[in-house]
Amino acid sequence: MLSDVHMISTWPKVYSTGGLACTNQIGCLLGYGWVWYHPDGIANILSLSRVIRSNQVSFDSVADNKSHVYLEKGRVQVFKMSPQGLYYSSMLEDEGTTLINTK
């Protein structure tokens with residue numbers, strides 16, 4: 001899903017529960033655009049505000065408590081809530097990325 005990974009001159013610092021990570025690599029995520037890439041990272045974090053620029057997104061907290069991102073060719077990417085409260089889509093479950101809302 002991630003292509004054209006290459007180095008750039010910028011080095012952002014990303015703080016998370018796993019500590020501090022720095023990277024100067026980016027890649028193109030199909031259907032989304034450029035994302036930061038870390039060779040030891042386990043996830044791509046997407047901004048919901050950027051996802052809705054190019055894809056329809058629905059969420060129904062009553063029916064299934066999942067977000068559905070409607071992709072090209074009729075594909076739907078489903079994001080479900082983790083026990084910690086973040087929505088994710090697992091590659092192991094044949095789904096793909098993590099959605100968080102950023103400012």
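Analyst: A contact, or touch, means heavy atoms within 4.5 Å. With that in mind, V35 touches L2, Q25, I26, G27, L29, N44 and L46, where residues up to four places away in sequence are not counted.

Before going further, some care is needed about the source: this is a predicted model, in which local features need pLDDT of at least 70, side-chain atom pairs count only at pLDDT 80 or more, and totals for chains, interfaces and linings use all residues. Residues are numbered from 1 along each chain as its sequence is written, and side-chain values use heavy atoms, with hydrogens and water left out. Here pLDDT is the predictor's confidence in each residue, from 0 to 100; the protein averages 84, and 88% of the residues score at least 70. Among its elements, strand β7 (residues 56-60) has the highest mean pLDDT, 96, while strand β11 (residues 98-100) has the lowest, 54. Where pLDDT is low, the predicted coordinates should not be read in detail.

Helices (H or I, at least four residues) and strands (E, at least two) are DSSP runs, numbered from the N terminus. By that rule the protein has one helix and eleven strands, and from the N terminus on the elements run β-β-β-β-β-β-α-β-β-β-β-β.

Now to the sheet itself. Two strands pair if DSSP finds at least two bridges between them, and an open sheet of three strands has the order β1-β4-β5, with antiparallel pairing. Because β1 (2-7) and β5 (33-37) stand at the edges, each with a single partner strand, one side of each is left without a neighbour in the sheet. Neighbouring strands of this sheet are turned by 30° against each other on average, direction ignored, where the axes are lines fitted to C-alpha atoms, for helices over the stretch in contact, and angles in general run from 0 to 180 degrees between N-to-C directions. Strand β4 (residues 25-29) is joined to β5 by five bridges, the two running antiparallel, and the bridge partner of L29 in β5 is G33. In strand β1 lies D4, whose phi is near 55°, a positive value in a residue other than glycine.

The residues L29 and V35 also belong to the largest nonpolar core, which has eight residues: L29, Y32, V35, L46, V51, V69, F79 and Y87. A nonpolar core is a set of buried Ala, Val, Leu, Ile, Met, Phe, Trp, Tyr and Cys residues joined through side-chain atoms within 4.5 Å. Buried means under 20% relative accessible area, exposed over 50%, and partly exposed in between (1.4 Å probe, protein chains only). Of the 103 residues of the protein, 26% count as buried.

R50 and G33 are 17 residues apart in sequence and 9.2 Å apart in space, C-alpha to C-alpha. With a relative accessible area of 30%, R50 is partly exposed.

Finally, a word on the cysteines: C28, at 26% relative accessibility, counts as partly exposed, and so does C22 at 32%. A disulfide is taken as a pair of cysteine sulfur atoms within 2.5 Å, and the structure holds zero disulfides.
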